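Thanks, everyone. I will keep this short and put the model on the screen before I go through it.

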Amino acid sequence: MSMQDARPESFATAGKADALLNAMSVDIEDWFQVGAFETVIDRADWDTLEQRVERNTEAVLALFDEAGIKATFFILGWVAERYPALMQQIAAAGHEIANHGYDHARVFTLTPDQFRSDLDRSRKILEDTSGQKVAGYRAPSFSIDQRTLWAHEILAEQGYAYSSSVAPINHDHYGWAGSPRFAWKPVEQSDFIELPVTTVKLGNRILAAGGGGFFRLLPYALYDRAIRKMHRDDGRGAIFYFHPWEIDPDQPRVGNAPIKSKIRHYTNLKSMRGKLLQAGQDFNWGRVDELAALEAGLVR
């Protein structure tokens, strides 16, 4: 693991935070496929539940069109298999199609052979339904960590250009606190890069600042301050993520889920769309593959 301390553009040169390119991404999964509910909703029951991913993803596309954002959509093969027209709609709008695995199985629950099979299955579905080549990957629940170093090697072997699968933090559901905070090359003799989700450094602490629950639960001003601090201190673009269900306040409620999961999942759903539009106005956004291309020249 190595990483060069070079910067695409310094904060001083840029003049303002929104001059730096940041990457917008969406993890396409339905409300019942999230890690928070994996112990109370069985995969075998998914097809019997109310599916809202198509309408919610179309709402995300409308939001991006309003904000003038091109983004990367990390999509479950399970979703693409059932909604091929939606895949074509995403691709036709100029967004990047990327792999999020087939059915949201965390990488550390799979063997290397199972991971290869999952990648093969999901990538074929995504490429067949969208007509777009898939070069990016994000592990469900950021589940590439120190237990699954082999996953990066397999992704490189299969010709992926980048992964955005690591959260360099301590968290009760995921995290690899020892990972570099910015782009790095995890496989020797390969141009394949890992783009960790964004964090901010406060003193000796590394805190999540990449979107999702952090963005939805806390005031927008804190997110704005965190990203501007990261831009100023580190001079690197942010990698932001969210899910279509996060702009759907009318989604079904899972009554038997743990209270912590319910708080994380349902808080501030009504305000999420407005906050996303605000972020769209305040910062400069592009696709993950665009940021990956910039970062690829900065790491050894």
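This is a predicted model: local features need pLDDT of at least 70, side-chain atom pairs count only at pLDDT 80 or more; totals for chains, interfaces and linings use all residues.

Start with helix H2, residues 53-67, and helix H10, residues 272-282. Their axes lie 10 Å apart, and the helices pack at an angle of about 35°. The crossing of H2 past H10 is right-handed. On the H2 side the contact uses Leu63, Glu66 and Ala67, and on the H10 side Arg273, Leu276 and Leu277. By class, that contact has 4 nonpolar residues, 2 charged ones and no polar ones.

Now the charged pairs. The structure holds 20 salt bridges. One of them joins Asp103 to Arg43, with 3.4 Å between the closest N and O atoms. Asp103 sits in the loop between strand S3 and helix H5, while Arg43 sits in the loop between strand S1 and H2, so the pair links parts of the chain 60 residues apart. Arg43 is partly exposed, at 36% relative accessible area.

Next, Asp224 and Arg228, whose closest N and O atoms are 3.0 Å apart. Both are in helix H8, and because they are 4 residues apart, about one helical turn separates them. Asp224 is buried at 17%, and Arg228 is partly exposed at 27%.

Which residue does Asp191 form a salt bridge with? The partner is Lys185, with the closest N and O atoms 3.5 Å apart. Asp191 counts as exposed, at 64% relative accessibility, whereas Lys185 is buried, at 16%.

Last, a network of salt bridges links Asp47, Glu81 and Arg82.

Terms used: Residues are numbered from 1 along each chain as its sequence is written. Side-chain values use heavy atoms; hydrogens and water are left out. Axes are lines fitted to C-alpha atoms, for helices over the stretch in contact, and angles run from 0 to 180 degrees between N-to-C directions. Helices (H or I, at least four residues) and strands (E, at least two) are DSSP runs, numbered from the N terminus. A crossing is left-handed if the near helix is turned anticlockwise from the far one by less than a right angle, and right-handed if clockwise. Contact means heavy atoms within 4.5 Å. Ala, Val, Leu, Ile, Met, Phe, Trp, Tyr, Cys and Pro count as nonpolar, Asp, Glu, Lys and Arg as charged, and the others, Gly among them, as polar. A salt bridge is a side-chain nitrogen of Lys or Arg within 4 Å of a carboxyl oxygen of Asp or Glu. Buried means under 20% relative accessible area, exposed over 50%, partly exposed in between (1.4 Å probe, protein chains only).
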